[in-house]
Amino acid sequence: MVAFILAGLITLPLLYVIFSAITADTAVWQRLWTTRIPELLFNTFSLAVSVAIIDLVLGVSLAWILTRYRVVGSTFWDWLIILPLAIPSYVLAYTYTYLLQRHGPLEQFWQMVAGSDAQTFSPFSFAGATLVMSLNTFPFVYLLARSAFKNFNISFEEAARATGASRLSTFFRVSLPMIRPSLIAGLFLAILYVVSDFGAVSMLRYQTFTYAIYQQMTGRFDNTAAACLSLLLVSLAFAFLIGERWFRQRSRFYQTTGRYRKPIPQACSSIQNLCFTRYLIVVIATAFGLPVYLLIQWTLDALTAGDLTTGFMGYLGNSLFLAGVTATLAIVVGVPLANLACRKQTWASLLCIQGAYTGYVLPGPVAALAVLVLITQLTPELYGTVIVLLIAYLVHFLPVALQGMESTLQQLSPNLEEAAKSLGAGAFRTFSKITMPLVRGGFVSAWILVFVQCLKELPATLLLRPVGFDTLAIRIWLEASEELYQLAAPPALLIIAITIPVVLLLMKNPTGEE
Amino acid sequence: MTDTPPHEPPIVLELNKVTCSYEADRPAVQEISFAANKGDIICLLGPSGCGKTTTLRAIAGFESVAEGTVLLDGTAVADGNHHVPPEKRRVGMVFQDYALFPHLCVNDNVSFGLTQLSSDDRRRRVEEMLSLTGLSELGQRYPHELSGGQQQRVALARALAPQPVLLLLDEPFSNLDPDMTYKMRGELHQLLKKTQTTAILVTHDHEEAFTMADKVAVLHQGRLEQFAAPETIYHLPASRFVAEFVGQADFIPGEIHNHVVVTEIGNLPLPKNYQGHKHVVVMIRPDDIEICNSESHGAYIETRQFRGSENLYGIRLPSGHIIHSSESSTQFYALNAQVAVNMVATHTVLFEQPQNP
């Protein structure tokens, strides 16, 4: 079947990396174990755990506030809160290298409060990385918690309170455990993001696996060492991926026609309103408002100074081309795979789907490494062309499309397709008249999601792009690394501007459901 | 004088020892055989997990048949070897959750199965179906704008529009309020009889089966326990399970002497051709028992349930067995009152003594 062949092709890069790592010389492994690996493991784990904790607190508290209380302007806040997702992690990182620098604006602000000897932490540290990654990923947890709270059957909470539990107690003992699967799925997603991130950690020079792999490939040209590190990273990512899927499975559902009562937000006192609003403002400002304000300022400076070169349109064109082609390919390849996952649950099909999801455990540098090695071995004539980049993009982003498509298909009750069949519709008519119209929204969302992720992609592009083929992301990274804040700002702002409507659209229509 | 046999309507559906299984050693449905004549309404009745929905889906074509044959209008559509897919069977189905296409309005839902007709014919047929089900004004509405009862009618109209040879209904009333259910049952019965539709209805409610069906098939753990008219099922159940499932049933021991079944509360005629054991168990229905006040018979009233038109009394016999009696509620017997029990059964229903009483 088509799906199997596709899945097989997608798994090839991962298999190759594993193969390289396993057959590597033990001397390489030994060197890595004694020098880099313990540090990398510790760094990656500690970053992931601390980000997870902060995300949990931020995401759940904000979701709770906005779903259970009628805060003034709550629709407005709803939109604003997910805007941080529109900022690529390396853009957030670079604005914070400016904000948190020695004698920078945040330090001056802090000194006003805590005295002129007070110092803020350096961005190039664990604290800096944690701050940036938390601010960038908490909306994942927020969105999932929000959706879970909104679709919550209020009868559970009322039953708890009827037995005498206080509001707080009900929250911790009933509401929170009931949305736990969704929460954990969201957390694992955020952790996966952190573990695979390259842009922010490289900009903040925080040594995690992704950064180390990149250094091995570009600094030392040691692809074997890179493969070994990749194997470890992949195993880590794999563990979290399995966890995330398992928890998501537990909160799986069909379109429900059952009756249950949804929660109604209740009024809050003006003090509560004030506190909630302040909290919301602080979070949104640090995660989005402040960085964007800086970017706008820098862009205006760059424009007035005439720094925008004609190359800019070329970079934009490259970005759009890569993103568009990858997104379309991802949907086309994903349809048979998603269909397989949802309709025929056999061992073979499950294995097939997991194969397609390997892209998730292949962070940018690893995907690039894998595709690079494969291409040089199998089809060396493609080396140095855009096609290599496209293949790497597809392998890396297919899971994003698959996830959206699978979840959309899952929500389609199988009874609808059976009803169509009982009325005489064959497989094709059932698909085109019934399935397609109902999943179209979700599939379009998946396309958009892949498109936007591709626009922001950094490491694979850095490693595989043909000479002279720069994208917006590359320019940002190159210029920001040299602290040319102003030059890096316009492309950054452009990416954010393109991403914002997409993020807002997805918020309105997450995974294609109402 | 020659006897002209009564004109039997043709057989529309026939199941011959149909077996369906999800796992090799645990069949969901085992060797079920029954037949439906044109215009019959047949109920598949049984508790959850008895295999009634699996049987229905096997008739529709959504489940495959491991052994046995399913015949529609005399043609085999499923047996162990080949399987005609649902879209080719012309069997209409109403799902438990109605499965109305959410993105199509009522008109489009109902006309979905009418691709063979010209667009004029299609429009006419949709109008006909909507007026038949009382939904004429709702053609442009969408499923989410309709009430539960209206949704069910749309599902019915949609399934009947292509004039299927058979209509299957999977617990069609389970999503409705009780008062709605009562009304809809009557309407459905009328509609089916009016259109002369052969229908198979799955339900776990014996009352529903009795009001709707011409014949009832009682299923238990994948097997067909009895297939007969509702009155037969109630008064002459084939097994203890059937007896208990379709109404209040009590069982008291009896002994056979001289072609008579002797029990604690009286003697009953022995059914002809009875060839079994001397010790039996007799089934008693509440309507078989009459009570009257008495001073000294050792039986007394233990429980009373008011049911509107009648009282259901639970009577403790001297031997310790409990039987029930249904009496008109204009009479009243107090708890713990001593009563005399009189059996007025017109027939005897006997079962074997259970192995381990």
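**View 1. Where chain A meets chain B.** In this predicted model, the contact draws on 15 residues of chain A and 17 residues of chain B. Here two residues are in contact if their C-beta atoms, placed from the backbone, lie within 7 Å. On the side of chain A that touches chain B, helix 20 (414-422) and helix 21 (427-456) of chain A each supply at least two residues. Helix 20 of chain A gives the largest share, six residues. Helices are DSSP runs of H or I with at least four residues, strands are runs of E with at least two, and both are numbered from the N terminus. Sorted by class, this side of chain A has seven nonpolar, six polar and two charged residues. Ala, Val, Leu, Ile, Met, Phe, Trp, Tyr, Cys and Pro count as nonpolar, Asp, Glu, Lys and Arg as charged, and the others, Gly among them, as polar.

Some reading notes: residues are numbered from 1 along each chain as its sequence is written, and chains are lettered from A and ligands numbered from 1 in the order in which they are written. As the model is predicted, local features need pLDDT of at least 70 and side-chain atom pairs count only at pLDDT 80 or more, while totals for chains, interfaces and linings use all residues.

**View 2. Two helices of chain A that cross.** Helix 5 (residues 89-99) and helix 14 (residues 270-304) of chain A have axes that come within 10 Å and cross at roughly 85 degrees. Axes are lines fitted to C-alpha atoms, for helices over the stretch in contact, and angles run from 0 to 180 degrees between N-to-C directions. These two helices of chain A are therefore roughly perpendicular to each other (65 to 115 degrees). Helix 5 of chain A brings Leu92(A), Thr95(A), Tyr98(A) and Leu99(A) to the contact, and helix 14 of chain A brings Leu290(A), Pro291(A), Leu294(A) and Leu295(A). The contact has seven nonpolar, one polar and no charged residues.

**View 3. An open sheet in chain B.** Five strands of chain B line up in the order 15-19-16-17-18, with antiparallel pairing. Strands pair if DSSP finds at least two bridges between them. Strand 15 (289-293) and strand 18 (322-328) of chain B are the edge strands, each pairing on one side only.

**View 4. Strands 15 and 19 of chain B.** Strand 15 and strand 19 (residues 338-343) of chain B pair in the antiparallel sense over five bridges. Asn293(B) stands opposite Val339(B) in strand 19 of chain B.

Terms used
Parallel < 35°, antiparallel > 145°, perpendicular 65-115°, else oblique.
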